[in-house]
Amino acid sequence: MMQKLHYDIVVIGSGPAGESAAMNAAKKGKRVAVVSDREEVGGNCTHLGTIPSKALRQSVKQVMQFSSNPLLKEFATLRKPSFPQIMQHANRVIHEQVHLRSAYYQKNGIDIIHGLAAFEDAHTVKLGNRGPVLTADYFIIATGSRPYRPDSVDFTHPRIFDSDTILNLDHSPRKVTVIGAGVIGCEYASIFAGLGAKVELINPAETLLSFLDWEISDALSYHLRDAGVRSRHNEEYEKLEYFDTHIVTHLKSGKRIKSDIVLWANGRTGNTDQLNLAAIGLEPNSRGQLEIDKTYRTAVENIYAAGDVIGWPSLASVSYDQGRSASNAIVDPKACVEIDRFASGIYTIPEISTLGKTERELTKERVPYEVGKAFFKSTARGLITGEQVGMLKIIFHFETLEVLGIHCFGDQASEIVHIGQAIMLQEGKANTLKYFLSTTFNYPTMAEAYRIAAQDGLNRVF
């Protein structure tokens with residue numbers, strides 16, 4: 001007889017959004033189950049996305065620092081570690097993350113049920129032919145996303161990879177073509193360049209990551225180029241020509257690029273195709289994503305969605321907050337908030353983090369603004385650590401001095417940005433440039449860049 005279990009809330013997916021939703025609901029007294037399509041929790045974020053790629057990047061960055069440090073250079077080996085060797089470190093981090101997250105679920109009394117969920121009706125999902133049937137008052141879909149795979153690309157070829165399968169690469173390629181210059185494409189371009197490969201980055205736009213502040217985008221372009229990445233702007237992929245020893249990428253402009261491997265990094269699609277959404281009257285868009293309202297509710301009253309499966313911005317940090325808000329919409333509606341102000345972290349080498357308005361946006365809106373900058377090479381901490389690359393840029397209102405945007409490029413950018421974020425979110429006069437001038441920062445620290453940038457900006461308006 002098939003087992004049938006009932007819960008207050010069933011969360012489908014154990015990534016950041018699913019974990020947050022489940023933990024929040026359990027702490028507020030609900031009986032919760034999480035359906036994981038893997039034998040280990042963590043979702044694609046832990047096993048294929050954020051954790052392995054950032055662990056890989058950190059190892060490559062350490063190799064680069066070691067090789068360029070005059071004090072340590074004589075101890076550096078003539079050969080850099082291979083891609084598989086560096087991935088061993090990333091795998092260790094994955095195992096530790098799984099262990100920690102499994103303990104969180106156990107501590108909060110949340111049932112983990114392994115299997116592939118498919119809806120039978122709005123209150124029922126079935127896990128495979130022999131798995132249990134789960135009924136619930138509410139469901140939260142947090143199944144994440146996967147790389148978009150067009151039919152025109154043969155992903156069975158051993159030299160074609162996407163951002164999931166690249167983690168299984170068994171050698172260090174000499175030349176890599178990355179198709180797609182979004183966040184993932186730029187991150188992997190910098191990783192392979194850091195390992196000494198020549199990288200061709202195919203970008204259909206005029207600039208890299210055009211949503212960034214123009215100076216940050218320019219800095220990224222410069223440092224990728226300096227590392228050995230050739231960014232081919234205004235170029236689009238047309239077709240691939242497959243060989244045993246290499247791949248030839250044909251561009252619509254008629255150009256051809258020969259490389260050892262090709263990394264397809266051209267978009268992602270929501271993991272909704274196996275949920276049998278037709279049974280509940282839900283229809284995802286062409287990229288498999290679900291539409292939700294401001295409370296993360298789908299078109300079906302008792303079914304919510306959060307994380308990558310709802311599309312932009314597809315950041316692990318935001319997904320975590322979305323999951324909490326989605327479950328709050330069910331268990332504590334007053335605490336449900338729309339996540340619309342957040343810092344984005346881009347883990348290229350060097351890294352980028354940004355929050356708020358860019359100069360381009362403020363110019364278009366005709367807002368009077370001014371800019372203050374601090375270059376890391378001019379800070380005591382930057383000189384000590386040898387970080388010669390990097391800049392903190394504060395954009396503020398010309399009259400009120402309200403902080404309108406924080407843009408950071410360089411080592412620890414994703415950490416540094418949060419100081420500015422805390423001030424930007426303050427009410428009244430507390431969110432102005434003057435805070436950074438009236439606050440004592442530890443010395444020497446990278447955070448001191450805020451004081452330097454604030455003084456630079458103030459000098460421009462007084």
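The points below comment on a predicted model, from the whole chain down to single residues.

1. Basis of the comments. Residues are numbered from 1 along each chain as its sequence is written, and side-chain values use heavy atoms, with hydrogens and water left out. Because the model is predicted, local features need pLDDT of at least 70 and side-chain atom pairs count only at pLDDT 80 or more, while totals for chains, interfaces and linings use all residues.

2. Overall dimensions. For 462 residues, a compact globule would have a radius of gyration near 23 Å, and the 24 Å of the chain agrees with this. The radius is taken over C-alpha atoms, and the globule rule is 2.2 Å times the number of residues to the power 0.38. Along the principal axes, the C-alpha atoms fill a box of roughly 70 × 65 × 45 Å.

3. Buried residues make up 52% of the 462 residues; buried means under 20% relative accessible area, exposed over 50%, and partly exposed in between, with a 1.4 Å probe and protein chains only. Of the contacts with a separation of 6 or more, 64% come from residues 24 or more positions apart, where contact means heavy atoms within 4.5 Å.

4. Secondary structure. The chain comes to twelve helices and 22 strands. These are DSSP runs numbered from the N terminus: helices are H or I with at least four residues, and strands are E with at least two.

5. The five-stranded sheet. An open sheet has the order β18-β19-β22-β21-β20, with antiparallel pairing; two strands pair if DSSP finds at least two bridges between them. At the edges stand β18 (344-346) and β20 (369-375), each with a single partner strand, so one side of each lacks a neighbour in the sheet. The twist averages 15 degrees from one strand to the next. Angles run from 0 to 180 degrees between N-to-C directions, and axes are lines fitted to C-alpha atoms, for helices over the stretch in contact. β18 and β19 (residues 352-356) are joined by three bridges, and Ser344 has Thr354 as its bridge partner in β19.

6. Strand β21 and its surroundings. Seven bridges join β21 to β20, with Ala374 partnered by Leu392. Seven bridges also join β21 to β22, where Met391 is partnered by Phe409. In a regular strand the side chains alternate between the two faces of the sheet. Both faces of β21 are covered: Gly390, Leu392, Ile394 and Phe396 are buried on one side, and Met391, Lys393, Ile395 and His397 on the other. The hairpin of β21 and β22 has five residues between the strands, and Leu401 takes a positive phi near 70 degrees there. Helix α12 (residues 449-461) lies across β20, β21 (390-397) and β22 (403-410), at about 140 degrees to β20.

7. The three-stranded sheet. A further open sheet has the order β12-β13-β14, again with antiparallel pairing. Its edges are β12 (237-242) and β14 (256-259); each has a single partner strand, so one side of each is left without a neighbour in the sheet. The twist averages 20 degrees from one strand to the next. Four bridges connect β13 (residues 247-251) with β14.

8. Thr249. This residue lies in β13 and stands opposite Ile257 in β14. With 0% relative accessibility, Thr249 counts as buried. Beyond neighbours within four places in sequence, its contacts include Thr177, Ile179, Leu240 and Val262.

9. Helix α5. The twelve residues of α5 (residues 183-194) should span 16 Å at 1.5 Å a residue, and the end C-alpha atoms are 17 Å apart, which agrees. The expected span is 1.5 Å times one less than the number of residues. Ten of the twelve residues are buried, among them Glu187, Tyr188 and Phe192. Just after α5, Gly196 takes a positive phi of about 95 degrees.

10. Cysteines. With a disulfide defined as a pair of cysteine sulfur atoms within 2.5 Å, the count is zero. The sulfur of Cys186 lies 17 Å from the closest cysteine sulfur, in Cys408, which is too far for a bond. Cys186 is buried at a relative accessible area of 0%, and Cys336 is buried at 17%.

11. Ala299. This residue lies in the loop between β16 (268-270) and β17 (303-305) and is exposed, with a relative accessible area of 73%. Not counting residues up to four places away in sequence, Ala299 touches Leu282 and Glu291.
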